[in-house]
Amino acid sequence: MHGNPEAHRLKVEAIARQVRERIGKNEPVHISKGGVRHVVPLPGDLRYRSQSIDISSLDEILEIDPERRLCTAEPGVPFSRLVPATLAHGLLPTVVPELEGITVGGAIAGGSVESMSFRYGGLHDSCVEYEIIGGSGEIVTCSPTQEPLLFDMIHGSYGTLGVLTRLSFKLVAAKPYVRMEYRTFPDAERFYAAMLERCEAGDFDFVDGIAHGPDRFVLCLGRFVEAAPYLSSYRWLNIYYKSTAERAEDYLTTEDYLFRYDAECHWLTRTIPPLEWKPVRFALGKAVLGSTNLIRWSKRLDKLLGMKKRPDVVCDVFIPARGFASFIQWYQRDFRFWPLWVVPYRVPAAYPWVAEEQVGRIGGDLLIDCAVYGKPNGEEVDYSKLLEDKTFELGGIKTLISRNHYTAERFWQIYNRPNYEAAKARLDPNGVFPGLFEKFHRVG
């Protein structure tokens with residue numbers, strides 16, 4: 001499969017002109033990819049009220065090379081289109097985020113992980129080259145050998161260094177179906193020991209887990225298979241996360257497995273209980289279910305959400321493996337929100353965007369992504385800040401896609417300021433894009 005290099009070049013040049021027009025305006029811009037944003041909607045959020053750089057045209061798969069197992073794509077390609085295209089060759093990206101509307105560029109900028117991350121890390125760990133438009137309008141190509149600092153710093157930069165316009169990444173072999181095993185444990189200790197054992201053995205293609213409560217932890221283990229005796233679907237009437245507490249095994253198409261959480265946006269439909277009732281899903285499911293629909297509805301309800309003192313907690317935190325036992329003990333005692341999604345994530349090497357002191361606090365190559373989706377916040381206790389503080393205490397890192405409470409001092413204890421500022425000076429010397437701290441400083 002081959003795209004049109006000339007059409008891509010013309011699109012990139014048009015976007016570079018947009019960037020150059022913003023030089024000297026003294027107002028940082030934001031990048032608009034079109035469609036919904038996969039950041040947590042926050043009442044009164046000012047991040048996207050600035051002038052925008054429109055990159056909605058960058059939505060093509062440029063090449064799939066089955067022999068080299070390599071894909072080149074523009075950043076606006078959603079995984080809902082990428083997955084069928086690569087599966088047609090018996091291949092997949094190393095990481096496919098669980099929500100269909102997430103784009104490949106968004107997965108790089110925001111650091112997506114999933115149930116193959118115990119083996120492959122993040123999607124960025126499979127990348128071999130980026131093309132970027134910097135804040136001066138310069139078009140820069142970088143790789144592990146060509147401007148390696150820029151290459152390393154694009155991951156987790158959230159659109160604050162420049163516009164990612166093309167990326168090339170590795171693919172891995174896949175099969176048409178996935179067989180799931182669900183192993184239930186009565187406590188976190190046995191669940192976690194079994195998860196580590198499976199990660200170490202490497203005998204499954206997919207490893208993650210769901211904690212349904214303090215006494216029900218489910219280890220979800222998947223393998224690619226060529227055939228399936230039956231198939232389940234969680235696109236409409238049935239709910240995936242509930243099935244993991246009820247079944248011992250399951251079979252899904254590979255595509256349905258990868259997007260198993262999309263219909264509920266994990267389990268955010270629980271915040272409106274009728275959306276989990278089959279008659280309501282039958283009647284309204286096509287209009288309201290699915291992450292894209294649910295995010296759009298949450299945007300429409302922005303004024304209503306703004307009436308809350310604090311928005312619900314929707315956040316991923318990456319806890320060092322050695323700190324998971326302490327985290328879960330604290331979580332069961334002080335946080336108490338279920339389900340909790342648990343994803344092991346092996347980092348091939350320390351990332352240059354992480355401060356050296358923070359690398360020492362992490363103390364190893366295995367992180368555990370603990371995903372809290374939809375905990376009602378407190379009137380007296382701000383659970384968002386509580387989670388952020390506990391993560392830092394245990395040497396972990398919190399994603400920046402929701403509410404952030406860091407002081408500048410604390411923020412730069414986690415993020416590598418010298419490396420970020422070096423990349424910023426090289427790519428965006430005019431400050432066309434906002435700084436990382438400034439963009440994500442606490443809102444609401």
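Is Tyr351 buried or exposed? I looked this up before anything else, keeping in mind that the model is predicted. Tyr351 comes out as buried, because its relative accessibility is 11% and the cut-off for buried is under 20%.

**Entry: aromatic pairs**

I found 31 aromatic pairs in the structure. One of them joins Trp236 and Phe282, whose rings are stacked at 5.3 Å centre to centre, with 20 degrees between the planes. I then checked where the two partners sit: Trp236 is in the loop between strand 11 (216-225) and helix 7 (240-243), while Phe282 belongs to helix 9 (residues 278-288), so this pair ties together parts 46 residues apart in sequence. Trp236 is partly exposed at 26% relative accessible area, and Phe282 is exposed at 55% relative accessibility.

Back to Tyr351: I see its ring stacked with that of Trp353, 5.9 Å centre to centre and 15 degrees between the planes. Trp353 is buried too, with 13% relative accessibility.

I also noted one aromatic cluster, whose members include Tyr182, Tyr234, Trp267 and Trp341.

**Entry: charges over rings**

I looked at two arginines here. Arg223 places its charged end over the ring of Phe204, 3.8 Å from the ring centre. Arg410 lies over the face of Phe392, and there I read 3.7 Å to the ring centre.

**Entry: Asp54**

I located Asp54 in strand 2 (residues 52-54). Asp54 is partly exposed, at 39% relative accessibility. Its side chain makes a polar contact of 2.7 Å with the side chain of Ser56. Leaving out residues up to four places away in sequence, I find Asp54 touching Ile15, Gln18 and Ser32.

How values were computed
Residues numbered from 1 in each chain as written. Predicted model: local features only at pLDDT ≥ 70, side-chain atom pairs only at ≥ 80, totals over all residues. Heavy atoms only, no water. Helix = DSSP H or I, 4+ residues; strand = E, 2+ residues; numbered from the N terminus. Buried < 20%, exposed > 50% of the residue type's maximum accessible area, 1.4 Å probe, protein only. Contact = heavy atoms within 4.5 Å. Polar contact = N/O pair within 3.5 Å; in protein donor to acceptor, adjacent residues only side chain to side chain. Phe/Tyr/Trp six-rings, centres within 6.5 Å; stacked < 30°, edge-to-face > 60°. Lys NZ or Arg CZ within 6 Å of the ring centre and 35° of its normal.
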